[in-house]
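Subject: Structure handover

Hello,

Please find the structure below, with its sequence. My notes on what was found in it follow.

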Amino acid sequence: MIRLLRLNNIRLRNKLLLLYFLAIFIPVMLTNALFYATVSSNVKQQKVKDLSYTMDSMKEEFRKAVDGAVQVSSVLYTDSVFNDDLSKSYGSLGDFIYTYYEDIRKPLRSFISIYSQIEAIELYSQNDTIIYSDFLRVLDRSVRESEWYKQLAESRNQLLIYPIPSQPDMPAAAPLSLIRKLDYFKDGGKVESILKINLRFQTLQSIFDRPSTQGEIALLDSKNNVIYSTGRTPINELLAQKGNIRIETNLSDSLYVGGWTIVGFFPEKVVLGELFESRKIVYDLVIVNLLIPTLVIVLISRSLQTRLVRLLKHMKKLKNQNFEVIDHKQDQDEVGQVTLEFNRMTVHMKNLIQDVYRADIQKKALELAHKQAQLNALQSQINPHYLFNTLEAIRMHCVIKQEDETARIIKLLAKSFRRSLHWENDLIPLQEEINFIHEFLQIQMYRFHHKFSCRIEVAEEALGRKIPKLSILSIVENACIHGLEAKSGQGTITVDCQHYGGDLYVYIADNGIGMTEETYESIVGRLASGYESGGSIGIINVYNRLKLIYEDRFDFHIESRLNSGTKVYIKLPCLMAEASESEGDENGVSLTYR
């Protein structure tokens, strides 16, 4: 119990470190050391075993190559006709040529074509009645003084495997020769004949030069003389070198090359290269196995301590009415859940306090925007009663003089002024807004002498939807003044209002002079910033009013190019109102309700 209490007094980070050393560090070191020692031993044994199999394969292939040449020599050695043709005396040159081509040259050529390991076949004879050619050689004094003839004469065997010496840096074309006396049909009256079969250098090269061996292979005779080697290092140096794996296979089971040995020298660094590479990996794994748990323990300890201290700090702030939430990710552990619940409690308390202020501020903002719009409209008039009385007097004067069109325009102008000044509600039915646009366009066409035409299409179900007052008219006004006034030729304004899926889609377009890229970028920037210059009700004013009313539940998009006109797209949430009666078509303004 006392020990347990002492353990409870140890800090959490130190407990984790203690657990790390006892449960991770020591077991990992012991396990990796034992694992590497076992794997090294097994890999080395397997590599040596694989190389031994390769050496045995070389031994078998070399034995087959030698046995093939021995078989050819045995066939010729026991061929009575062949031996008789070499020994008998020929009465004429024609008899010899016929015999040579049919009984000597033809079988020898067939043997060379069948046995790929044979480079050449030579026949040495003392017969003075034959002509020496490609296969026939004279057995003269120089041949008898040659080393291979002397060894054949001293040998007790009828067959000799003789290595052909090579010049430095120039291997012999045929490193081995099989030499045999043709005395099977021994008769005192017959001449001496010797068969010599040379093995191809490429045969030995294909047997011993294998890229997979990764070492040097040497073929040694019974006196340890090098018959063939895949490298240029002298055999004495290879024997003296350290760090090589030496593997030997004896040809004792072969009758003619008994005592010969195939020796392989394989550098340990090359053969066990993968093992050495794995040793580096083991070292890296040990480091990783030690480093990662250390980092994990440090991170866990720091995570717990940091979050607990931070939670306590924010609790003290909450006591001082500082509703600051804890910035954290969605942690799933116990500390994370406590932090999450603390944040929810803080946000809930903050929202309860701030919701009242927010609602009051929004209400005041709408009232301010409403009053600003009224003020902007009021600034456009001087003494409205005087203005209306004056317009009415002018209209009556035009009626008396029978200037009906002028009287009609003055009437529309006075009516438009009255509607603009009557600002009880900021939201009006779309039908009323269309009437505003209709009256405004009649006045503008009179002003510009019917320089442009207008097409207004409104869906029947959209007429009763409420929209902010003068929101569409302000854009149409901009299209007339800034788009069509400076345009040469006939202009067109299109207003299209449709109702889809509970939203109102408004499209206003003109084919006027459009905007330069600089002007377009300026307007887009002002829309994004909400900056409004001047006191008129323009596009920026319309956008700001829509944003105050609908917040983020509307879309407002402008497209314009120089000399290509301007297009405005507006999407508004629908608010229902009672639709008033529509006004019919009049003087160039096409009104269509669908």
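Is tyrosine 184 buried, exposed or partly exposed? At 47% relative accessibility, tyrosine 184 counts as partly exposed. Buried here means under 20% relative accessible area, exposed means over 50%, and partly exposed is in between, using a 1.4 Å probe and protein chains only.

Some ground rules before the rest. The model is predicted, so local features need pLDDT of at least 70 and side-chain atom pairs count only at pLDDT 80 or more, while totals for chains, interfaces and linings use all residues. Residues are numbered from 1 along each chain as its sequence is written, and side-chain values use heavy atoms, with hydrogens and water left out.

Overall picture

The protein has 17 helices and 18 strands. Both are DSSP runs numbered from the N terminus: helices are H or I with at least four residues, strands are E with at least two. Of the 594 residues in the protein, 39% are buried. Taking contacts in the protein between residues at least 6 apart in sequence, 67% join residues at least 24 apart; contact means heavy atoms within 4.5 Å.

UniProt, in an unreviewed entry, lists residues 16-37 as "transmembrane region". UniProt positions are given in the numbering used here, feature names are shortened, and annotations may be inferred rather than shown by experiment. In the model, the span of residues 16-37 is 100% helix and 0% strand, and its end C-alpha atoms lie 31 Å apart.

Aromatic pairs

Rings of Phe, Tyr and Trp (its six-membered ring) pair if their centres lie within 6.5 Å; planes under 30 degrees apart count as stacked, over 60 as edge-to-face and the rest as tilted. By this rule there are 15 aromatic pairs. One of them joins tyrosine 77 and tyrosine 184, edge-to-face, at 5.3 Å centre to centre with 65° between the planes. Tyrosine 77 belongs to helix H2 (residues 12-77) and tyrosine 184 to the loop between strand S4 (176-181) and strand S5 (193-199), so the pair ties together parts 107 residues apart in sequence. Tyrosine 77 is buried, with a relative accessible area of 10%.

Another pair is formed by tyrosine 124 and tryptophan 148: the ring centres are 5.3 Å apart and the planes lie at 50°, so this pair is tilted. It links distant parts of the chain, with tyrosine 124 in strand S1 (residues 118-125) and tryptophan 148 in helix H6 (residues 147-154), 24 residues apart. Tyrosine 124 and tryptophan 148 are both buried.

Ring pairs also join Phe62, Phe201, Phe208, Tyr228 and Trp260 into a cluster.

Tyrosine 77 has a further neighbour: arginine 180 lies over the face of its ring, 4.3 Å from the ring centre. A charge sits over a ring if NZ of Lys or CZ of Arg is within 6 Å of the ring centre and within 35 degrees of the ring normal.

A five-stranded sheet

An open sheet of 5 strands runs in the order S2-S1-S5-S4-S3, with mixed pairing; two strands pair if DSSP finds at least two bridges between them. Strand S2 (136-138) and strand S3 (159-163) are at the edges with a single partner strand each, so one side of each has no neighbour in the sheet. From one strand to the next the twist averages 25°.

S3 and S4 are antiparallel to each other, over 5 bridges. Leucine 159 has arginine 180 in S4 as its bridge partner, and isoleucine 161 has leucine 178 in S4. In S3, 4 of its 5 residues are buried.

H6 lies across S1, S3, S4 and S5, running at about 145° to S3. Axes are lines fitted to C-alpha atoms, for helices over the stretch in contact, and angles run from 0 to 180 degrees between N-to-C directions.

Single residues

Aspartate 85 is in helix H3 (residues 80-87) and counts as buried at 3% relative accessibility. Leaving aside neighbours within four places in sequence, aspartate 85 is in contact with Tyr90, Thr99, Asp103 and Ile104.

Glutamate 551, a residue other than glycine, has a positive phi near 60°. Its place is the loop between helix H17 (539-550) and strand S15 (555-560), and at 42% relative accessibility glutamate 551 counts as partly exposed. Asparagine 563 is not a glycine either, yet has a positive phi of about 65°. Asparagine 563 lies in the loop between S15 and strand S16 (566-573) and is exposed, with a relative accessible area of 63%.

Regards
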